[in-house]
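Please read these notes with the model open beside you.

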Amino acid sequence: NLSIPYPLIMDRTYYHSKLSYFFNKIGEIAEKFVPPHKFTGEYYLSRKNLRAGTRKITNESEIEDIMLRNGIEVLYPEDLTVFEQISIFRRGRVYGFISSAFHNSAFSLNSEGICFSIDKEINRSFSLFDSSSKSKIIYLHIPYEPAEAEYGFFVCVKIKSVGKLESAIVSYRKNELANITSYKNNK
C-alpha cells in the first residue's frame, strides 16, 4: 500500500514538478507484471459489476452494447489487478465514466481516451493527475436523468442519450473532438 498526503501532490492548486516522474516510475514497475501483448487496444471500463459505490448507471448494458458494436472491449476494473489497470492506461485507449479508475492515468505518460461525466464540474484531482502525466483524456459531460435508488449506491442515474456517447466515440476517432473544451482547457 502507498499513501501520499494530498499536500505533497498539490501546492496552491499546482502539482509538484517531480510528481510525474515519481508516478511514471511506479507505472513502469507495475507494467512489468503484465505480459506486453495485453491491453494494447481500446477499452471501456464498465461500472456494471459494481456492487456498491458512489454512482450506478442503470442502462450500463446499452452502453456496453455500443462499445462492443464499435470494436471496444469491455472490461470490469474490479476484476483486474492494480498492475493490469495501470497497464490499460499506459498501453491502450480508455473510455468510461468518471471514477477513481481514471486516476490510473497518473502512472503513465500521455494516456488517451474519453472520460464521460454526468457532472459538469470535475474534481480537481483528475486535472492534477492528468496535468502531471500529460494525459490526453477528454472529459465530456453526458446528460442523465435520475433513476430509482439501489441499495449500496449514493446516486443512480440513467444516461438520457446513449447515442451521444457513440457519436462522441466516432468523432474522437476522427480527431474531431480535439476542439471540444474539456475541464483541463477551462482552467
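1. Start at β8. Six bridges join β7 (residues 112-117) to β8, and the two strands run parallel. Strands here are DSSP runs of E with at least two residues, helices are runs of H or I with at least four, and both are numbered from the N terminus. Two strands pair if DSSP finds at least two bridges between them.

2. A word on the source. This is a predicted model, in which local features need pLDDT of at least 70 and side-chain atom pairs count only at pLDDT 80 or more, while totals for chains, interfaces and linings use all residues. Residues are numbered from 1 along each chain as its sequence is written, and side-chain values use heavy atoms, with hydrogens and water left out.

3. Where do β7 and β8 belong? They sit in an open sheet of five strands, in the order β5-β3-β6-β7-β8, with parallel pairing. Its edge strands are β5 (73-75) and β8 (136-141), each pairing on one side only. From one strand to the next, the twist averages 20°. Angles run from 0 to 180 degrees between N-to-C directions, and axes are lines fitted to C-alpha atoms, for helices over the stretch in contact.

4. Helix α4 packs on this sheet. It touches β3, β5, β6 and β8, and its direction makes about 135° with that of β3. Contact means heavy atoms within 4.5 Å.

5. Now look at β6 (residues 93-97). Four of its five residues are buried, so β6 is largely enclosed by the rest of the structure. Buried means under 20% relative accessible area, exposed means over 50%, and partly exposed lies in between (1.4 Å probe, protein chains only).

6. β6 pairs with β3 and with β7. Four bridges join it to β3 (residues 42-45), in parallel. Here Arg93 of β6 is the bridge partner of Glu42. With β7 the pairing is again parallel, over five bridges. Gly113 in β7 partners Val94.

7. Is Glu84 buried or exposed? Glu84 is buried, at a relative accessible area of 16%. This residue lies in α4 (residues 82-91). Leaving out residues up to four places away in sequence, Glu84 touches Val34, Lys38 and Phe39.

8. α4 also packs against helix α2 (residues 19-31). The angle is about 110°, and the axes are 9 Å apart. That makes α2 roughly perpendicular to α4. On this scale, 65 to 115 degrees is roughly perpendicular, under 35 roughly parallel, over 145 roughly antiparallel, and the rest oblique. The crossing of α2 past α4 is left-handed. A crossing is left-handed if the near helix is turned anticlockwise from the far one by less than a right angle, and right-handed if clockwise.

9. Which residues make the contact of α2 with α4? From α2 come Asn24, Gly27, Glu28, Ala30 and Glu31; from α4 come Phe83, Ile86, Ser87, Arg90 and Arg91. By class, three are nonpolar, three polar and four charged. Nonpolar covers Ala, Val, Leu, Ile, Met, Phe, Trp, Tyr, Cys and Pro; charged covers Asp, Glu, Lys and Arg; the others, Gly among them, are polar.

10. There is also an open sheet of three strands, in the order β4-β10-β9, with mixed pairing. β4 (53-57) and β9 (144-146) are its edge strands, each pairing on one side only. Neighbouring strands are turned by 35° against each other on average, direction ignored.

11. Follow the pairings of β10 (residues 153-159). β4 pairs with β10 in the parallel sense over four bridges. Gly53 partners Phe153, and Arg55 partners Val155. β9 and β10 pair in the antiparallel sense, over three bridges. Glu145 has Lys158 of β10 as its bridge partner. The hairpin of β9 and β10 has six residues between the strands, and Gly152 there takes a positive phi near 95°.

12. Last, helices α3 (residues 60-69) and α6 (residues 162-173). They pack at about 25°, with their axes 10 Å apart. That makes α3 roughly parallel to α6. The crossing is right-handed. α3 contributes Glu62, Ile63, Ile66, Met67 and Arg69 to the contact, and α6 contributes Val162, Leu165, Glu166 and Ile169. Six of these residues are nonpolar, none is polar and three are charged.
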